[in-house]
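Here's a quick briefing to read alongside the coordinates. Have the viewer open and follow along.

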Amino acid sequence: MRYLCLFYIDQNLADAASKEEWAEIDRESLASNEDLKRSGHYLASNALADPKTAKTLRVRAGKASWTDGPFAETKEHLGGFLLIEAKDLAEAMEIAERDSLARMGAIEVRETAGF
């Protein structure tokens, strides 16, 4: 089964972290991805640019409407994703627990629909 791990960043924690702490998280994340590749769990991942670069589309009554910024105003923003292969939700959760980026917010683990 495929699972998408969505990384949410708490901007207050991110702003309070030092450059060294971020460098450590980056090193740990890259090493974790390499471990997942070796174990056959890794499918894809990427970080996202600052939420200020986002545009949100809504189509109502056939008319497109674009707004600046992410979909919702929250104290956490979507910072990136990791797509993995896991035998079940429990294994996907174990994999997410090993990711150091969880220290900066939250990780949502969701099974893909499999279309």
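In what order do the elements of the protein run from the N terminus on? They go β-α-α-β-β-β-β-α-β, which comes to three helices and six strands. Keep in mind that this is a predicted model.

**Overall picture**
- The C-alpha trace spans about 45 × 40 × 20 Å along its principal axes.
- The protein has 115 residues, and 28% of them count as buried.
- Its accessible surface comes to about 7,900 Å², with 55% of that belonging to carbon and sulfur atoms.
- Take the contacts between residues at least 6 apart in sequence: 78% of them join residues at least 24 apart.

**Strand pairing around β5**
- Strand β5 covers residues 76–85 and runs antiparallel to strand β1 (residues 2–10), with nine bridges joining the two.

- Ala16 sits in helix α1, which takes in residues 11–16.
- Ala16 counts as exposed because its relative accessibility is 69%, and the cut-off for exposed is over 50%.
- Ala16 and Met104 are 88 residues apart along the chain, yet their C-alpha atoms are separated by 9.8 Å.
- Ser29 belongs to helix α2, residues 19–39.
- Ser29 has a relative accessibility of 16%, so it counts as buried; the limit for that label is under 20%.
- Which residues is Ser29 in contact with, leaving aside its neighbours within four places in sequence? Those are Asp99 and Ser100.

**A nonpolar patch on the surface**
- Leu57, Val59 and Trp66 make up a nonpolar surface patch, and together they have about 320 Å² of accessible area.
- Val59, one of the patch members, lies in strand β3, which spans residues 55–60.

Technical notes: Residues numbered from 1 in each chain as written. Predicted model: local features only at pLDDT ≥ 70, side-chain atom pairs only at ≥ 80, totals over all residues. Heavy atoms only, no water. Helix = DSSP H or I, 4+ residues; strand = E, 2+ residues; numbered from the N terminus. Buried < 20%, exposed > 50% of the residue type's maximum accessible area, 1.4 Å probe, protein only. Patch = residues over 30% accessible without salt bridge, like charges linked within 9 Å, V, L, I, M, F, W, Y side chains within 5 Å. Areas by Shrake-Rupley, 256 points an atom, 1.4 Å probe, with all protein chains shown as cover. Salt bridge = Lys/Arg side-chain N within 4 Å of Asp/Glu carboxyl O. Pairing = 2+ DSSP bridges. Contact = heavy atoms within 4.5 Å.
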